[in-house]
Amino acid sequence: MQVERTARRAVFLRGMKDGLPIGLGYLAVSFALGITAKNAGMTAFQGFLMSWLGMASAGEYAAITVIGASASYLEMAVVTLITNARYLLMSFALSQRLSPETGLLHRLLIGYSVTDELFGIAVHQPKPLDPLYSYGSYAVAVPMWAAGTALGVIAGNILPLRVVSALSVALFGMFIAVIIPPARKDRVVLLFVLLSFAASWAAARLPGLRELSSGTRVIVLTVVLAAAAAAAFPVSEEEEATPDEA
C-alpha cells in the first residue's frame, strides 16, 4: 500500500513539475486577458473566477468582448462554444489514452482543463494516462492562469504597452517549445507540423475558409491533417502501446 501511494505521489509531482513552466507562461500571458477584462468593466474577482472556470484564452477573450458589448447570455454561450470547439477534439484524443476502467468523474475532471499546452504534455505520457498526472499539472497551471487574470485587472494597465505586447506572445513561444522536441525526433511529426503551419496560413487567406472563425478553421485543419496523417502513416497497436522512453 505504501509503495502504491509513493508511486501515485510521484506521478502527481511529475505533473506539477511539467505544469510549472506552463503555469508561469499562463501567469504572464493572462495579464493581457486581465487588461481586456478590466476594460470591459469586470472586477478582479470576476476575472479570477472566469479564468478559473473557463481556462481558455481565446474563448475568454471572445466572452469578454461579448460582455463589453452588453450582448445576451445566449450570444455569449454560442460564441464561447464556437471558439472553444477545438477542445472537443483534444478531449476525444485524451480519452483514448485513458484506461477503460477510468471512471466518469476522472474523465470529467481531466476534460475540465484541456488546453493546448496541457494537452501537449499529457499526450506524451505513457499509456494509459494516469489522471493524477493531469491533476498535478492542473494544480499549478490553473491557479496561475486565474491569478494572472486578476492581477491584470488590478495592475495591468500600469504596465507599458510594449511589455503587455511582449507578454501576449509568450504563450505562442511556449507552445512552440512543446511541439519542437517530438518534431525533432520524428520526421513524420515534423512534416505535419510544417504542413499545419502552411495550411493555417493558407486557410486564413483562401475564400470560404477565411470567412470562418479562427476556432472553426483550427477544427477543420485538425480533422483534415489528422485524417491524412492516420491514413498515410498508420500506427500499429504494438507501436501505440510502447511509450516514448527516449
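This report walks through a predicted model of one protein, from its overall make-up down to a few single residues.

## Ground rules

Residues are counted from 1 along each chain as its sequence is written, and side-chain values use heavy atoms, with hydrogens and water left out. Since the model is predicted, local features need a pLDDT of at least 70 and side-chain atom pairs count only at pLDDT 80 or more, while totals for chains, interfaces and linings use all residues.

## The big picture

Let's start with the whole protein. It has 13 helices and zero strands; helices (H or I, at least four residues) and strands (E, at least two) are DSSP runs, numbered from the N terminus. Of the 246 residues, 35% are buried. Here buried means under 20% relative accessible area, exposed means over 50%, and partly exposed is in between, using a 1.4 Å probe and protein chains only.

The protein exposes about 14400 Å², with carbon and sulfur atoms supplying 69% of it. Such areas come from the Shrake-Rupley method with a 1.4 Å probe; for residues, only the protein chains shown count as cover. As for contacts (heavy atoms within 4.5 Å), take those with a separation of 6 or more: 78% of them are between residues 24 or more positions apart.

The confidence score is pLDDT, which the predictor gives to each residue on a scale from 0 to 100. The average for the protein is 81, and 86% of the residues score at least 70. Over residues 241-246, though, the pLDDT is below 50, and this stretch has three contacts in the model beyond near neighbours in sequence. Where pLDDT is low, the predicted coordinates should not be read in detail.

## The greasy middle

A nonpolar core is a set of buried Ala, Val, Leu, Ile, Met, Phe, Trp, Tyr and Cys residues joined through side-chain atoms within 4.5 Å. The largest one here has 30 residues, and Tyr26, Leu94, Val114 and Leu118 have the most contacts inside it. Helix 1 (2-39), helix 5 (86-95), helix 7 (116-122) and helix 8 (131-155) each supply at least two residues of this core. Helix 8 gives the largest share, eight residues.

Not counting residues up to four places away in sequence, Leu94 touches Ile110, Val114, Phe119, Ala122, Val123 and Leu129.

Ala122 lies in helix 7 and is buried, with a relative accessible area of 2%. Beyond residues up to four places away in sequence, Ala122 touches Leu94, Arg97, Leu129 and Tyr133. Ala122 and Arg97 are 25 residues apart along the chain, yet their C-alpha atoms are separated by 9.1 Å.

Arg97 sits in the loop between helix 5 and helix 6 (104-112). A polar atom of the Arg97 side chain lies 2.9 Å from the backbone oxygen of Gln125. Gln125, in the loop between helix 7 and helix 8, is buried too, at 11% relative accessible area. Which side chains make polar contacts with the side chain of Gln125? One is that of Arg14, at 3.1 Å, and another is that of Tyr133, at 3.2 Å. A polar contact is a pair of N or O atoms within 3.5 Å; within protein, one must be able to donate a hydrogen and the other to accept it, and residues adjacent in sequence count only if both atoms are side-chain atoms.

## The two sides of helix 2

In helix 2 (residues 44-54), Gly47, Met50 and Ser51 are buried. They cover an arc of only 90° around the axis, so they are on the same side of helix 2; the arc is that of the directions from the helix axis to the C-beta atoms. An α-helix has 3.6 residues a turn, so residues three or four places apart point the same way.

The cover over the buried residues of helix 2 includes helix 1, helix 3 (57-68) and helix 8. On the face turned away from the buried side are the exposed residues Phe45 and Leu53.

Most residues other than glycine have a negative phi, and most peptide bonds are trans. Met55, in the loop between helix 2 and helix 3, has a positive phi of about 50° although it is not a glycine. Met55 counts as buried, at 3% relative accessibility.

The other case is the peptide bond from Lys127 to Pro128, which is cis, with omega near -5°. Pro128 lies in the loop between helix 7 and helix 8, and Arg97 is in contact with both Lys127 and Pro128.
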